[in-house]
Amino acid sequence: MKRTVIKSTGRYVPPRVVTNHDLTQWMDTSDEWIRQRTGIEQRHWIPEEGGVGSSDLALEATKIALERTGWTAKDIDLIIFATLSPDIFFPGPGCLLQHKLGLNSTPALDIRQQCTGFLYGLATADAYIRSGLANKILLACAEVHSTGIDISTRGRDVAVLFGDGAGVVCLEGIETDKDVGILASALHANGEFAESLMIEVGASRLNPRISEELIKEGRHWPVMDGKTIFKEAVRSLPNVSQEVLQKSGLSLEDIDLFIPHQANLRINQFFQQSMKLPEEKVFHNIQRYGNTTAASIPIALDEALEMNIIGDGSAVIFLGLGAGLTWAAVLARLVG
Ligand code: UT7
């Protein structure tokens with residue numbers, strides 16, 4: 001049977017560290033508020049002068065993952081790129097990354113699933129691989145949020161949450177009788193909540209798409225109804241985990257680690273408690289990176305592997321909820 005396995009991982013965050021205390025120079029906030037409500041202590045942002053896009057961060061993470069796999073860029077059959085913060089409005093960063101890797105005809109596909117970009121990307125890659133359309137896929141997830149948030153007090157509810165970074169995985173199809181690789185996935189969306197977390201300007205439904213008035217109103221910044229999203233996350237994440245367990249035939253006790261999207265430490269603690277899991281079974285690193293949206297789960301996976309919390313044979317559930325709303329989970333058994 002054809003199975004999609006995670007061959008290697010890589011992560012990259014820009015070196016500039018912005019602490020909660022640093023944020024207080026631009027907005028009325030405090031280290032105490034941010035830590036208590038979110039768990040975040042610091043995040044990494046690109047240099048203040050800009051000039052670095054999501055594809056640049058993804059390139060650095062990709063170099064690491066390719067080296068670990070022993071692939072060259074030419075071995076890749078398909079690039080899937082997940083981001084909500086593309087370098088330019090269009091074309092998407094999949095093409096930009098492809099070019100930066102020295103390729104000139106490898107297909108590149110962009111997906112826009114925000115916080116569940118890695119999960120939708122894994123499920124998409126798995127479908128490509130199992131159908132025989134591709135066998136070696138680079139799934140790159142990267143975000144540059146720092147240039148797209150309102151760092152004045154008006155935008156503080158959103159601005160303190162987000163960090164820049166990239167996480168990538170190399171995926172390969174193998175023929176095996178063993179239950180390894182991606183064993184189950186469950187994807188969901190509910191557009192009813194589309195405006196609970198969004199950036200509106202410059203979108204096609206506005207004419208003109210951008211104007212001084214729109215900018216004065218702050219409609220080019222992200223807006224979020226944090227409480228609704230929090231509630232939806234706490235409600236949906238246990239259900240979607242149970243769904244992949246049921247699909248795979250595994251039980252809760254078979255899972256070595258849950259790697260949730262890193263949106264809020266409290267959301268993930270609620271998840272751990274409602275699933276009655278021991279603390280060490282749910283991975284957190286939001287303290288150091290903030291919310292890196294599509295990149296948060298692959299960055300966490302890369303760290304968990306580096307820390308030897310998981311390795312060859314571990315069963316892992318990746319899960320998350322975010323803008324869309326979209327929510328999803330993927331259950332995979334890792335191979336060495
Ligand atoms: O990955 C994307 C998906 N997003 C999420 O999963 C986010 C889910 N939601 C959350 O994580 C939480 O709702 C937040 C952390 C965003 C906010 O926490 P909250 O407990 O829901 O706070 P709140 O929005 O109800 O705000 C409470 C107070 C308000 O002041 P008043 O009205 O009580 O006077 C806010 O104005 O905290 C104020 N506030 C802040 N104060 C200091 C909001 N942001 C800040 C801030 N610093 N950064």
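Helix 11 is largely enclosed by the rest of the structure, because 9 of its 11 residues are buried. Buried here means under 20% relative accessible area, exposed means over 50%, and partly exposed covers the range in between, with a 1.4 Å probe and protein chains only. Helices are DSSP runs of H or I with at least four residues, strands are runs of E with at least two, and both are numbered from the N terminus. The buried residues of helix 11 are Ser296, Ile297, Pro298, Ile299, Ala300, Leu301, Asp302, Glu303 and Ala304. This is a predicted model, in which local features need pLDDT of at least 70 and side-chain atom pairs count only at pLDDT 80 or more, while totals for chains, interfaces and linings use all residues. Residues are numbered from 1 along each chain as its sequence is written, and side-chain values use heavy atoms, with hydrogens and water left out.

Thr292 lies between helix 10 (286-289) and helix 11 (296-306), and Thr292 is buried, with a relative accessible area of 1%. Its side chain reaches the backbone nitrogen of Ser296 at 3.2 Å. That is a polar contact, a pair of N or O atoms within 3.5 Å; within protein, one atom must be able to donate a hydrogen and the other to accept it, and residues adjacent in sequence count only if both atoms are side-chain atoms. Leaving out residues up to four places away in sequence, Thr292 touches Glu143, His145, Gly163, Asp164, Gly165 and Ile299, where contact means heavy atoms within 4.5 Å.

Ala295 sits in the loop between helix 10 and helix 11 and is buried at 0% relative accessibility. Apart from neighbours within four places in sequence, Ala295 is in contact with Cys141, Ala142, Glu143, Gly165, Ala166 and Gly167.

What happens just after helix 11? There, Asn308 takes a positive phi of about 60°, although Asn308 is not a glycine. Asn308 belongs to the loop between helix 11 and strand 12 and counts as exposed, at 65% relative accessibility. Gln114 also has a positive phi, near 55°, in a residue other than glycine. The place of Gln114 is the loop between strand 5 (108-111) and helix 5, and Gln114 is buried, with a relative accessible area of 13%.

Cis peptide bonds come next. One joins Phe90 and Pro91, with omega about -5°; Pro91 is found in the loop between strand 4 (78-82) and helix 4 (93-100). The peptide bond from Gly324 to Leu325 is cis too, with omega near -20°, and Leu325 is placed in the loop between strand 12 and strand 13 (326-333).

How many aromatic pairs does the model hold? The count comes to 4, taking rings of Phe, Tyr and Trp (its six-membered ring) whose centres lie within 6.5 Å, with planes under 30 degrees apart called stacked, over 60 edge-to-face and the rest tilted. Among them, Phe118 and Phe318 form an edge-to-face pair, 5.6 Å centre to centre with 90° between the planes. Phe118 lies in helix 5 (residues 117-130) and Phe318 in strand 12 (residues 315-322), so the pair ties together parts that are 200 residues apart in sequence. Phe118 is buried at a relative accessible area of 0%, and Phe318 is buried at 0% relative accessibility.

For the cysteines, the count comes to 0 disulfides, a disulfide being a pair of cysteine sulfur atoms within 2.5 Å. Cys141 is in no disulfide, and the nearest cysteine sulfur, that of Cys115, is 12 Å away. Cys141 is buried at 0% relative accessibility, and Cys115 is buried at 5% relative accessible area.

Finally, the ligand is surrounded by 20 residues, the closest being Thr29, Arg37, Lys227, Asn264 and Asn291; a residue is near a molecule if one of its heavy atoms lies within 4 Å of it. A nitrogen atom of the ligand is 2.6 Å from an N or O atom in the side chain of Thr29. A ligand nitrogen atom also lies 3.0 Å from a backbone N or O atom of Gly226, while a ligand oxygen atom lies 2.6 Å from a polar side-chain atom of Lys227. Taken alone the ligand exposes 960 Å², and the protein buries 74% of that, with areas from the Shrake-Rupley method using a 1.4 Å probe and, for residues, only the protein chains shown counting as cover.
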